[in-house]
Amino acid sequence: MLFNSFEFCLFLPVAFALYWLLRRWRQWQNAFLLAASYAFYAMWDVRFLWLIAGVSLTAWLSGMGIARFGHGSRRAKGIVAAQAAVSLGVLFAFKYFNFFVDSFVSLTEWLGFSAYRPLWQVALPVGISFYTFQALAYVIDVYRGEVKACRNALTFFTFIAFFPQLVAGPIERAARLLPYFDRPRRFDYAAATDGLRLMLWGMVKKTVVADNCAAIVNAIYANPQADGTDLWVATIFFAIQIYGDFSGYSDIAVGCGRLFGIPLMQNFRLPYFSRSIAEFWRRWHISLMSWFRDYIYIPLGGSRHGRLRTMGNTFIVFLLSGLWHGANFTFVLWGAYHACLFLPRIFLNKRTPRSSDTAADRLLPSLKEAWQMGCTFLLVCIGWVLFRSEDVSTACLRLQRMFTDLHWHVPYCGRLPLLLPVALLLAEWCTRRREHPLDLPNRGLWRSRAVRYAVYYALILCVLQWGGTPVEFIYFQF
């Protein structure tokens, strides 16, 4: 069920009303929320409900086992290893089986041997990369003693299957989110209305910006004769498309969670205003990169054992991140590319300042900040060519044309659509100190309720009138 679908417009108010009617009975409220989440997922493919339930069951039993034997014990360590084997085994079987079989067959053919591909292909369950990582993180955190094992199976199953973030994140941590399912929730009118505003802004980013950008990107990338100028336009539009698409989904998910009294974490923090690649990765897909940091990078030693070890750990994290995004060598190459962008900082032992205040207290960035943001955006866009291309050879051909086959002409899409990226980035730049652009201040012109509602209705009209052809969220395939 797509967030930008008629079915969801019917599903959400019914689920919202019934959920709060049960507010006096927390267990019944959780039971209803779990049933609603499974119904939401079944609209995609009912065949894989058993997979979510199975991953939830093994993770819950693992947590209970660790609690029984004591975290840090040998038996507890064995339970963590078994749960990791189950979670990663499920992920491999459904997401990477076809990839490794095809790679093996291609390799044997290249070596001169005959090989046959299986006639059957394994279907990819939507959201599998998200809920398996969330379940595995819970078990590891219980083993580390960072969170207590959840003894109520219903509470835990609801935590894993909560429908706003079930199929495309954010990947939540049990220590932060699980307690909300284990205690009574009170309806908060202010949080709910702000959730609706955030959902509206996410819908604008997805339908008006991302889906219209997608039409341009698909048209240019489908043209084998596209020159470097059009490919640059397509690449920049894809950068805006994937941001509007994924951050739009996250905004809708976070806003939807607030309607149900469940606050989800922020997954994007204005990544295209980053002044370095390191800062970009602290702002982009925050839940995934923090997962790799806490469960891969730091356990491997992080940056504590010299530059060579730091380089190796960085490459491992980004290669795994690339592979997480899809079973294709283009994603692995994309991960390696971003790992290489970290090498100068590692060699120079340069640390990125934690401050996120770009152009603090100023309307415009300084020349240095503008240069840093422009260079970072350019480097990220080059990486998006690898991410978007169908295979490595196509990606290399496109990159070659982008730097050698430039002809200055009006882009394939015309001039008017070029306003889409500009409008989105301008709106977010001007409201960068607020939680989201529709978090309007209660002062000046915005104190008028009529003005605020005029903005909301104008954006709803934009969604209805200029929303592009509905396109499935990009990250559903991951």
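The model is predicted, so local features need pLDDT of at least 70 and side-chain atom pairs count only at pLDDT 80 or more, whereas totals for chains, interfaces and linings use all residues. Residues are numbered from 1 along each chain as its sequence is written, and side-chain values use heavy atoms, with hydrogens and water left out.

**Aromatic pairs**

A pair of aromatic rings is described by the distance of the centres and the angle of the planes. A search of the whole structure finds 51 aromatic pairs. Rings of Phe, Tyr and Trp (its six-membered ring) pair if their centres lie within 6.5 Å; planes under 30 degrees apart count as stacked, over 60 as edge-to-face and the rest as tilted. Two of the pairs are tabulated here.

| Pair | Centre to centre | Angle between planes | Class |
|---|---|---|---|
| Phe40 and Phe163 | 5.4 Å | 45° | tilted |
| Trp281 and Phe318 | 5.5 Å | 70° | edge-to-face |

Phe40 belongs to helix 2 (residues 26-45) and Phe163 to the loop between helix 6 (153-161) and helix 7 (174-181), so this pair ties together parts that are 123 residues apart in sequence. Helices are DSSP runs of H or I with at least four residues, numbered from the N terminus. Phe40 counts as buried because its relative accessibility is 1%, and Phe163 counts as buried at 0%. Here, buried means under 20% relative accessible area, exposed over 50%, and partly exposed in between (1.4 Å probe, protein chains only).

Trp281 lies in helix 10 (residues 277-283) and Phe318 in helix 12 (residues 307-325), so the pair ties together parts that are 37 residues apart in sequence. Both Trp281 and Phe318 are buried.

**Charges over rings**

Arg398 lies over the face of Tyr221, 4.1 Å from the ring centre, and Arg432 over the face of Trp429, at 3.8 Å from the ring centre. The criterion is NZ of Lys or CZ of Arg within 6 Å of the ring centre and within 35 degrees of the ring normal.

Asn313 is placed in helix 12. With a relative accessibility of 3%, Asn313 counts as buried. Apart from neighbours within four places in sequence, Asn313 is in contact (heavy atoms within 4.5 Å) with Tyr297, Leu300, Gly301 and Gly302.

**Helix 17**

Tyr453 lies in helix 17 (residues 449-466). Tyr453 is partly exposed, with a relative accessible area of 32%.

Conventions: Helix = DSSP H or I, 4+ residues; strand = E, 2+ residues; numbered from the N terminus.
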